Amino acid sequence: MENIGKIAALAVTAALCAVVVRRHAPELGLILALTAGAVILAYSVTALTGITEMMQTLADTAGLSPAVLKPMVKTVGVGILTRLTAEVCRDAKENAIAAFVETAGACAALLLCLPLMESVLSMVEQLM
């Protein structure tokens, strides 16, 4: 990812600005941090295209069906979203909400993995 230098510079600059702004207006500091996070995520989206293509190539090579690959990708997305959301809640000094978000994310990840577990059990059943 060639944008990592830009992302690092943006992150450090935004963090320093947020520290200064929070002294006088804590709400604006949070908004600044959220805005910087959104811009960083936008830069990161370009990497997702390459990752998706590589995963599809690997799945085709290994002979994996989309029914196996799709839950994995969704689970990773839930994990990333859960982590980001919990950290934003912690940044806003809402630790309890962050804990609830993490619990909900774990439940969602387990739910998404059920079809994958079902496929694995089906394959094991066929082998027997």
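**Exercise 1.** Which residues does Thr-75 touch, not counting residues up to four places away in sequence?

*Solution.* In this predicted model, Thr-75 touches Ala-109, Leu-112 and Cys-113 once those sequence neighbours are set aside. Next, locate the residue: Thr-75 sits in helix α3, which covers residues 66–91.

**Exercise 2.** Decide whether Thr-75 is buried or exposed.

*Solution.* Start with the cut-off: a residue is buried when its relative accessible area is under 20%. Thr-75 has a relative accessible area of 17%, so Thr-75 is buried.

**Exercise 3.** Describe how helices α1 and α2 pack against each other.

*Solution.* Two numbers are needed here: packed helices are described by the angle between their axes and the distance between the axes. For α1 (residues 4–24) and α2 (residues 26–62), the angle is about 170° and the axes lie 7 Å apart. The angle therefore makes α1 roughly antiparallel to α2. Now sort the residues of this contact: 16 are nonpolar, three are polar and two are charged.

**Exercise 4.** Where around the axis of α1 do its buried residues lie?

*Solution.* First, list them: Ile-7, Ala-14 and Ala-18 are the buried residues of α1. They cover an arc of only 40° around the axis, so they are on the same side of α1. Then ask what covers them: α2 is included in that cover. Finally, turn to the face pointing away from the buried side, where α1 carries the exposed residues Val-12, Leu-16 and Arg-23.

Notes:
Residues numbered from 1 in each chain as written. Predicted model: local features only at pLDDT ≥ 70, side-chain atom pairs only at ≥ 80, totals over all residues. Heavy atoms only, no water. Axes fitted to C-alpha atoms, helices over the stretch in contact; angles between N-to-C directions. Helix = DSSP H or I, 4+ residues; strand = E, 2+ residues; numbered from the N terminus. Parallel < 35°, antiparallel > 145°, perpendicular 65-115°, else oblique. Nonpolar A, V, L, I, M, F, W, Y, C, P; charged D, E, K, R; others polar. Buried < 20%, exposed > 50% of the residue type's maximum accessible area, 1.4 Å probe, protein only. Contact = heavy atoms within 4.5 Å. Arc of directions from axis to C-beta.
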